[in-house]
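Please read this report alongside the sequence and the model. Short sections follow, each on one topic.

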Amino acid sequence: MATYKTPKISVVTVVLNGAATIEKTFKSILGQGYLNIEIIVIDGGSTDGTVEVIKRYADKIAYWESGLDHGIADAFNRGILKASGDLVAILNSDDQWLPNAAMEVAQAYKLHSDADIFYGNIQFLDARCGDAYVVPSNVEAMKKRMSVFHPCLFVNKKAYANIGEYSNDYKYAMDSHWVHRAIKYGVKFVKIDAALAQMQLGGVSDRHYMKSLNEYRRSLVENGLLDLVRAGFYFLKYSFFKTIFRSKLMNKLKNKLYKRFTFKVESTN
């Protein structure tokens, strides 16, 4: 009888001036109780004390560098190139894995070791008000809107070899563009019915949401998932709702609606 080997998980943390949050990111990885993890850190040349935090965890980090990347997509690619795990995850410096995330993924890998991509639900944290809510991920909905988020994405290393790296032509929606390519190529996705990561609102793509949505529209057309007219319709639709929901009043209402109609809010401590 064959002995099951737990997968090695490489986690790439990309950071630029994240001294205030990166330690929480490290603790969320190291606190998993899962031993077969490799941490890789790509720092874009931080000047706020981030490097000093990284150095404090150097004995737990397989590889780190500072000041060598040329943007987010390049940082992702540099980290993936250094990864030696069976699965590769990307967890930015203001995001965290939720408890038991690595074990949830390992169990799914045990059942579906031939899968290319594992993904789970995402917990959003609105740091302005402290509210957190879980939103289900759904790869089918990616043909309309962002519904699979990179902090809860675990990719078989061979899938990166087959699909290719993140495109430097995309500055805000490089992760969506990569998932669109994966869908186009017909790779095997496996959904894990659990929240795997917490993602803080207010990141680059959130702050520049119109540019991000425009890149998303371009990616849908480029990868043949929608025609130009339908992609344009969804761009206008989600641009409208995103603009409305960015007001303080609507943000409070949105959070209440998510809490009521999605999953129970989990602790962010």
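Lys144 is partly exposed because its relative accessibility is 41%. The classes are these: buried means under 20% relative accessible area, exposed over 50%, and partly exposed in between (1.4 Å probe, protein chains only). Lys144 sits in the loop between β7 (131-135) and β8 (153-156). Helices (H or I, at least four residues) and strands (E, at least two) are DSSP runs, numbered from the N terminus.

Together with Arg145, Arg230 and Lys237, Lys144 forms a positive surface patch. Patches take residues with over 30% relative accessible area and no salt bridge; like charges are joined within 9 Å, and nonpolar side chains (Val, Leu, Ile, Met, Phe, Trp, Tyr) within 5 Å. Lys and Arg count as positive, Asp and Glu as negative; His and the chain ends are not counted. A charge is placed at NZ of Lys, CZ of Arg, CG of Asp or CD of Glu.

## About the model

This is a predicted model: local features need pLDDT of at least 70, side-chain atom pairs count only at pLDDT 80 or more, and totals for chains, interfaces and linings use all residues. Residues are numbered from 1 along each chain as its sequence is written, and side-chain values use heavy atoms, with hydrogens and water left out.

## The whole chain

The chain holds ten helices and nine strands. Of its 269 residues, 50% are buried. The accessible surface is about 13300 Å², and carbon and sulfur atoms own 54% of that. Areas come from the Shrake-Rupley method with a 1.4 Å probe; for residues, only the protein chains shown count as cover.

Contact means heavy atoms within 4.5 Å. Among contacts with a separation of 6 or more, 75% join residues 24 or more positions apart.

## Salt bridges

Side chains of opposite charge can pair when their charged atoms come close. A salt bridge is a side-chain nitrogen of Lys or Arg within 4 Å of a carboxyl oxygen of Asp or Glu. The whole structure has five. One of them joins Glu38 and Lys8, at 3.6 Å from N to O. Glu38 is in strand β2 and Lys8 in the segment before β1, so this pair ties together parts 30 residues apart in sequence. Glu38 is buried, at 11% relative accessible area. Lys8 is partly exposed, at 24%.

Another bridge links Arg78 to Glu65, with the closest N and O atoms 2.6 Å apart. Arg78 lies in helix α3 and Glu65 in strand β3 (residues 63-66), so parts 13 residues apart in sequence are tied together. Arg78 is partly exposed at 27% relative accessibility, whereas Glu65 is buried at 6%.

## A buried charge without a partner

Asp175 belongs to helix α6 (residues 174-185). Asp175 is buried but has no salt bridge. The nearest side chain of opposite charge, Arg181, is 11 Å away. Beyond its neighbours within four places in sequence, Asp175 contacts Met146, His150 and Tyr166.

## Around Asn36 and Thr6

Asn36 is in the loop between α1 (22-30) and β2 (37-43). Asn36 is partly exposed, at 24% relative accessible area. Leaving out residues up to four places away in sequence, Asn36 touches Lys5, Thr6, Pro7, Lys8 and Ile9. Asn36 and Ile9 are 27 residues apart in sequence, yet 6.4 Å apart from C-alpha to C-alpha.

Thr6 is in the segment before β1.
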